[in-house]
Amino acid sequence: MHLLSVEHISKSYGEKVLFQDVTFGVEDGDKIGIIGVNGTGKSTFLKVIAGMEPPDSGAVSKGNGVVVRMLSQDPQFQDGESALEHVLGGDSPQLRAVQAYAAAMEALELNPGDDALQQKLIAANAKMDELGAWQLESEAKTALSKLGIADYHVGVATMSGGQRKRVAMAAALLLPSDILILDEPTNHIDNESVAWLEGMLQKRTGALLMITHDRYFLDRVSNRVIELDRGSAYFYEANYSRFLELKLEREEREAASEAKRQNLLRQELAWISRGAKARTTKQKARIERYETLKEAGPKAGSGKLELSVASSRLGRKIVELHDVSMGFGDKALFSDFSYTAVPEDRVGIVGRNGSGKSTLLKLIGGKLEPKEGDVELGPTVKLGWFSQEREEMDESLRVIEYIREGAEQVKTADGTTISAGQMLERFLFSPNMQWSPIAKLSGGEKRRLQLLRVLMDAPNVLLLDEPTNDLDIATLTILEDYLDDFPGVVFVVSHDRYFLDRTVDKIIAFEGSPELTVHTGNYSDYVAYTDKRQKGEGGLDAAEGNGSAAGSKSKAGAAVSNAAQDGGKSRGSEKTLRMSYKDQRDYEQIEDWIAAAEAELEAVEQGMEAAASDAMRLQELAEEQQQLNEKLEGLMDRWAELSELAERIAEQKKS
């Protein structure tokens with residue numbers, strides 16, 4: 001069933017084009033993931049589809065009776081309402097029936113003998129039966145509980161930003177809708193809640209559009225992907241894994257096309273530089289071809305994020321926790337916990353929201369003092385703190401001023417010294433963006449800027465508190481690669497299962513008791529271990545898993561080494577190049593053949609203009625035009641092939 005049509009929509013802010021001429025449809029059962037680097041307009045794209053913002057051009061139309069609901073990154077609430085009241089405060093017939101029944105019950109409790117109120121309660125009861133609304137309150141409480149909200153009656157105004165987002169998500173899931181739109185739904189929820197939400201959305205009927213950086217979540221929930229890239233939209237009938245394959249194929253095709261275009265452009269330029277044999281229309285056509293090839297160049301690249309900042313030397317003593325206990329008031333978060341960090345430690349900290357994960361990180365970073373025990377840092381430790389609140393950022397500063405507060409220059413991992421502005425460009429902040437106030441950046445761009453500031457200080461112990469919140473997948477991938485080569489120690493609090501699997505080899509787990517457990521392996525290893533432990537099947541041999549990974553790396557290294565050796569052999573045995581008799585003859589005449597084909601094509605095009613009112617003749621000329629275009633394309637391919645061969649022969653003779 002067709003639910004919604006998006007037709008030729010475009011949106012810009014100032015000179016920046018977010019997306020242009022985007023057209024697609026949404027069908028019942030579609031689960032669409034929206035992907036793109038920070039600042040490409042993903043959130044704006046969803047707001048336009050939801051009708052919350054108008055497009056600059058184009059239109060969004062939905063079918064009769066189609067209900068669209070959107071969970072934004074900044075949900076709105078009524079004054080004084082509780083979590084449960086917000087979830088049950090929607091405008092669907094079922095929720096109105098629940099509200100009417102609750103009001104009738106409350107009124108009758110105050111006036112038990114009132115016949116009119118008795119009849120009102122009976123009518124409300126019948127309406128609940130008619131709409132099947134009896135389970136709604138139970139479902140609302142279940143959703144709140146699964147999303148980490150235990151007190152249903154607490155006022156939303158007293159909650160943290162993350163808690164408010166979870167309340168709004170529970171409402172969005174409970175309210176009936178044909179199209180549900182979610183903007184970063186996995187932010188601010190823990191791993192268990194992410195897994196529950198994943199299952200809910202897999203089973204949900206209707207359509208779903210979502211922005212998420214959680215690659216496991218995206219892979220398991222989505223069946224379509226829309227990628228926003230430099231103003232264009234690319235469509236894939238695939239989940240995330242298949243999207244990666246299709247994107248690679250698309251980029252390889254574009255690279256091959258661009259290589260061919262560049263070669264033709266080079267040959268055209270050489271021809272124009274030499275001048276034509278005769279000043280005829282042939283030269284005019286060739287100059288026009290050169291201009292066409294030049295204008296057909298690729299769009300300016302979105303850039304490649306480079307994280308190559310140096311780190312400070314780390315001594316033998318790094319981080320040591322001795323019998324540490326921590327809590328607030330009567331609530332004990334953890335007790336008698338000891339841990340000694342070793343060189344190149346990669347430690348993930350996991351547990352339910354509110355269990356104390358960020359508190360443990362703050363103890364390690366010296367931002368809190370333990371109730372009992374000691375936290376010791378080695379004398380050479382230089383901490384880098386990447387927080388989720390962005391509390392250190394003064395958003396009135398310009399981007400480059402914020403970075404220069406840290407350092408005017410920075411030394412990269414290869415020993416090169418570059419300026420703050422150059423480093424910002426490596427982090428995809430153009431010279432124009434560098435002079436913008438931080439307040440004008442998107443949430444993801446602010447996170448990327450904060451990450452650069454942290455790394456520019458050359459830390460050797462990184463404390464990452466929910467680093468994946470608001471960062472796009474491209475940035476996360478590069479950050480993961482950076483951590484592969486980071487010589488220091490990393491402690492990371494994260495709900496992103498993929499990121500944990502990719503980056504850590506130990507897990508400190510909060511499991512509901514004051515005693516913390518330390519598990520060797522990544523997050524998936526830990527989950528497998530806990531599943532087996534709950535089933536009474538014993539633990540997981542993490543060492544065996546690590547051995548397999550090491551074996552894979554060893555095999556990969558051997559494959560690279562063999563490929564390099566094979567490449568060396570092929571280069572050493574390269575034969576002397578020369579043109580055959582036919583190649584030489586073609587090379588001498590190819591330009592004349594191209595000029596003749598161009599003249600024929602021009603004559604046909606003139607004939608088509610003259611025969612505009614003669615449909616039969618126009619059809620004949622159109623077929624002839626197609627044949628000539630194919631002939632000309634073949635000649636151009638042959639010309640490029642021969643020109644490249646001639647250049648290689650000339651280079652070989654020089655060497």
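So, where is the place of Glu 515? Glu 515 is in the loop between β19 (506–509) and β20 (517–520); helices (H or I, at least four residues) and strands (E, at least two) are DSSP runs here, numbered from the N terminus.

Some housekeeping. This is a predicted model, where local features need pLDDT of at least 70 and side-chain atom pairs count only at pLDDT 80 or more, while totals for chains, interfaces and linings use all residues. Residues are numbered from 1 along each chain as its sequence is written, and side-chain values use heavy atoms, with hydrogens and water left out.

Glu 515 is exposed because its relative accessible area is 59%, where exposed means over 50%, buried under 20%, and partly exposed in between (1.4 Å probe, protein chains only).

Okay, salt bridges, meaning a side-chain nitrogen of Lys or Arg within 4 Å of a carboxyl oxygen of Asp or Glu. The count comes to 30. Take Arg 224 with Asp 30, closest N and O atoms 2.8 Å apart. That pair links distant parts of the chain, 194 residues apart: Arg 224 sits in strand β8 (residues 224–229), and Asp 30 in the loop between β2 (16–27) and β3 (31–35). Both Arg 224 and Asp 30 are buried.

Strand β8 also holds Glu 227, whose partner Lys 247 is in helix α9 (residues 240–274), 20 residues apart. For Lys 247 and Glu 227 the closest N and O atoms are 2.6 Å apart. Lys 247 counts as buried because its relative accessible area is 17%, and Glu 227 is buried too, at 6%.

Then there's a network: salt bridges with shared partners join Arg 215, Glu 480, Asp 481, Asp 484 and Arg 502.

Now the aromatics. Rings of Phe, Tyr and Trp (its six-membered ring) pair if their centres lie within 6.5 Å; planes under 30 degrees apart are stacked, over 60 edge-to-face, and the rest tilted. The whole structure has 10 such pairs. Why is the pair of Tyr 236 and Phe 243 edge-to-face? Because the planes are at 85 degrees, with the ring centres 4.9 Å apart. Tyr 236 and Phe 243 are both buried.

Tyr 523 is buried at 11% relative accessibility, and Tyr 526 is buried at 10%.

Last one: ring pairs link Phe 19, Phe 24, Phe 45 and Phe 235 into a cluster.
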